[in-house]
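Me: I am new to this structure and would like to learn how to read its features one at a time. Could you take me through a few of them?

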Amino acid sequence: MFKWIHSRIGIKLLVTISIVLILSMVSLNYLATHSVMEFGEFSANINEISIRNNTNAFLSRVTNEQAGKYEAIFKRIADSSSMLAKWAGFLVDNIPLFDDAAGDPNDELLLYPPNGIYSNRPSQKTMVLYWGSPIISPEIAAQLNTFSFIDPFLAEARKANPESVASFIVTKSAICRYYPNIHSVTRLSPPTEYDMRSSNFYAIAGPEKNPKRKTVWTNIYQDPSGQGLMTTTSTPIYSKRGEFFGIAGISVTLDSIMNEILGNKGRIQDKAMASTFSFFIDHKGVIIAMLPEYLRMFGVEIDTSKLVNAGVVLESSLLSSSNEEVKKLGRNMINKVHETTRIVLDGRPYIVSSHSMPQTKWRFGFVIPESVVLASIQETREGVNSTVGKMTKRFIVVTILFLLGSIFIVAVFLIKSVIRPLGNLSRAALRVKDGDLTTSLDIHRNDEIGALAGSFNNMVSALRKGKELEKKYALTLEKKVEERTGEIRRKTEELQGTLHLLKQEIGERELAETALRESEEKFKSLGENAPDIIYTLAVDGIFTYVNSVWEEILGHKREEVVGRYFDDFARKEQSEGYVQDLQRVIERKETIRDRSVTLLHKDGSLRFFNMSGAPNFNSEGMVTGMVGLFKDITEQLKLEAHLKQAQKLESIGTLTSGVAHNFRNILAVVLANNQLLQMRYKNDPHLVRVAETIMGAVNRGIQLVDGLMFFSRKQAKYEFSVVNLAEVIRETYQLISRSFDKRISITMDIPQSLPVTGDYAALSQVIINLCTNARDAMPEGGELRFEARKEDGNALAIISDTGHGMDKETLEQCFDPFYTTKEVGKGTGLGLFTIYGIVKDHGGKLHVYSEPGKGTTFKLYLPMVTMGTTYIPKDEHVIIKGKGEKILFVDDEVEILEPLKELLEELDYRVAYVSSGKEAIDKYKSWKPDVVLLDRNMPEMDGINCAKRIIEHDGAARIVLVSGYDEVGPHGIDTETRALLKGYIVKPVRLKDLVEVFSRLFNA
């Protein structure tokens, strides 16, 4: 046996096969592991290149989109600032017009110590500040009135830009209107330490730094009112003449930028993206906004404690970083529109993508760690290495086992029964290959070789039979293929028809769904953008929808309304009527229009609406409820009430004007006779006291008439001159000290001189009215005190009493016309209203302080005249006698003629009088008087027509008109008539008034 092995195949064959198997397995192991590693590394490199390229493109696109989004936000804010500046410029050009229409909002301003800044109450929607001077001049008051019309636009600008925290204007005259009202006046420094006009947001928009009048953005600064770090867009305000008037601005806090903008981590939704962040720099590389935790990473240190006011901005820049790569990044961001670069921060690589923002000239940067981008590559490499290690271990074990088994099997197989039988089989197979199907093996063994030989013989026999059957089967198979093909073709056609119908059905359903979505979107857009409340109700009266306007008008959030009944928000006494309206709509399918309803605000107040409603149908035509809207008419009703009140006041003004005219005629008779009594019996002390008492009553009557006339005309008539306010107070003191109840103690502490510009009589009326009010407040006696002094360029007069005082409600209404707390017949309600108007016309201010049981104090501020100006002393009424001049009186009130005639004759004038216009013309022609005193209102022919007739006769006639009406006002005279006259005297006629007119005419 061993000889056979040695001679036929031997040990060499066995050894060779074993060596080949070992080498093959080793080589296969090496090739497999190396190929896996090479393929893994190749795939990782390809993926890394692809990921880097895609990441750069993706980050560039995301940064561009985000920069565009933020640019749009900042542009919208800047456009709103520009629109505010245009409206403010329009108001600047029309200050006289809007000053008359605006009312007196500056009256609400209070001086806040110790900073000396004026501001309105916290309850007002818009904060108003004024810090230009301690006194609000008429010019500043006009500006305050005018700029109150900018408030709705400030509110709209704030609402249109939810990213902002405030909208405001700051004028060159030191006025600020700021929405919303944060009432920051108590936190502001005095103007000597901080002035808004020196702030960065004001300076950068001014003519020096912004000659092209563009809308500009500030860097981040510290807000002086305590709102933290912010940036502001500023637009200069110019008048039509090109005069710089101030700035309009909208502010955005750093918190808003961080939360609304930098808080967005991009569009990639991945947990790993939590390490990404964004930042802004300006066109010089100065950091605008960056989360604090990343500043140190960029090598930048910021000391926010140095940002003490709005004039100091952040100066830290990427170009000043301690990291050279950060400096290079900053230069690239400044010089390039968009850039994607790799940078190492704190030993870690990052990818930074940036894009410019033309509106603000800022640059937007988006930062992502490189490890996030290449995380999948590292995972691939680690996976390949792990797989290769496991494969190598397993392959070695399997190889050893396989080699041992293979060597054993091969040896046995070769030794016993493989090689020789296989040789025979090989040769027989070659013959079969050549086409000899008669070949047969003569091997009869019960092992695999024997079975293989039998199988070979059976195979050859089967091949012979198969050859014969092949021809028959080919024909049968061809026929079946044709039949099956036809059947498949029919099924295919049926399937195509079914698919076509299915596509049609799907298309129709998609169109229906698209139409439904569009309808829903249109309804939602209409509902959310409508100015009125839109609602839907179910058939049982429950709200199923309300738009967001409900919360704006009525205060309830939407979720507080939906699901509740309609009558939950209505007054109980009106609920039944609303239920009937709903039944009409639901059951009768009627439509209701302009139904007046009253709903409850969340704070309990009432709001008034016009309600409209119609049935709400479903797709089957059934009524599912009610849809409609509520139109808020609350403000409209208020305006209508104000209009009625204004019309009522106008009617009262017309009536008072007529009453004043008649009353003046009555006073004229009393005054004329009293002046005659004073002149003839001046040496009789008893009669002098009686005459003085009558004169006091007449003066009070004149003051009442003047108050009525002040109320009835739009503007009072004054004769302004330099007046000593101290003298006015002393004269009042002398008057009331003799006439007031002796239980009232009167004290006075005033300087010698307080020169102001004003009308002596009007200022006297102010002081007397205040004293009269003080007397009425102390029916049981008390103390009345006069004080006066100079204060901050003003003359300050203080009149205080120890009377019963006023409560809060009375204090708020005390200056309203016809408001009085006195009994009927004891007060007109015009006293404080009149003096308030007089003080305002004099450019002054009147403040009142009072508490029940603690008395009342009035403080009167009037601007003092400039240094070196002398004041005109009070007229001492020197009576100058005549020289026989002829005076003609014409008046249908005969009671006044005789005493006036006697008065003037005592002064050496020659006097005649008549009682009608026709008699006056005849008397003038026959007597030729030097002056004609002509009553205006007479029957048959009034004074004006009579004057014209006289002047037609004698162009040099000197005519003075005497009337119970003022020269100006609703019943005044026109310019043409005024040119015909030499004077105009208002009744009652004082002797001094007559003598002054005669002196002027005869000495001219």
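Reply: Start with a pair of residues: Asn-616 stands opposite Gly-625 in E19. Keep in mind throughout that this is a predicted model.

Me: In what sense do E18 and strand E19 pair, and over how many bridges?

Reply: When reading a strand pair, look at its sense and its number of bridges. E18 and strand E19, which covers residues 623–632, pair in the antiparallel sense over nine bridges.

Me: Which residues does strand E17 cover, and in what sense does it pair with strand E18?

Reply: Strand E17 covers residues 592–600 and pairs in the antiparallel sense with strand E18, residues 606–617, over seven bridges. Here Arg-595 stands opposite Met-611 in E18. E17 and E18 form a hairpin with five residues between them. In its turn, Gly-604 has a positive phi of about 95°.

Me: What caps the N-terminal end of H18?

Reply: Asn-724 does: one of its side-chain oxygens lies 3.1 Å from the backbone nitrogen of Ala-726.

Me: Which residues in H18 are buried?

Reply: The buried residues of H18 include Leu-725, Ala-726, Glu-727 and Val-728. Ile-729, Thr-732 and Ile-736 are buried too.

Me: Why does Ser-80 count as buried?

Reply: The cut-off is needed here: buried means under 20% relative accessible area. Ser-80 counts as buried because its relative accessibility is 14%. The residue sits in helix H1, which runs over residues 2–93. Leaving aside neighbours within four places in sequence, Ser-80 is in contact with Ala-157, Asn-161 and Ile-250.

Me: Is Gly-844 buried or exposed?

Reply: Gly-844 is buried, because its relative accessible area is 18%. Its place is the loop between helix H21 (831–841) and strand E25 (845–850). Beyond neighbours within four places in sequence, Gly-844 is in contact with Val-839, Tyr-861, Leu-862 and Pro-863. Gly-844 and Asn-794 are 50 residues apart along the chain, and 8.9 Å separates their C-alpha atoms.

Me: What share of the 1004 residues in the protein chain is buried?

Reply: Buried residues make up 43% of the protein chain. Its secondary structure comes to 26 helices and 31 strands. Of the contacts between residues at least 6 apart in sequence, 64% join residues at least 24 apart. The accessible surface of the chain is about 55100 Å², and 55% of that belongs to carbon and sulfur atoms.

Me: Where in the protein chain is confidence lowest, and where highest?

Reply: The chain averages a pLDDT of 79, with 77% of the residues scoring at least 70. Confidence is lowest in helix H6 (residues 254–262), with a mean of 66, and highest in strand E4 (residues 166–171), at 95. Residues 1–9 have a pLDDT below 50, and this stretch has ten contacts in the model beyond near neighbours in sequence. Residues 264–269 are also below 50, with 15 contacts beyond near neighbours in sequence.

Notes: Residues numbered from 1 in each chain as written. Predicted model: local features only at pLDDT ≥ 70, side-chain atom pairs only at ≥ 80, totals over all residues. Heavy atoms only, no water. pLDDT = per-residue confidence, 0-100. Helix = DSSP H or I, 4+ residues; strand = E, 2+ residues; numbered from the N terminus. Contact = heavy atoms within 4.5 Å. Pairing = 2+ DSSP bridges. Buried < 20%, exposed > 50% of the residue type's maximum accessible area, 1.4 Å probe, protein only. Polar contact = N/O pair within 3.5 Å; in protein donor to acceptor, adjacent residues only side chain to side chain. Areas by Shrake-Rupley, 256 points an atom, 1.4 Å probe, with all protein chains shown as cover.
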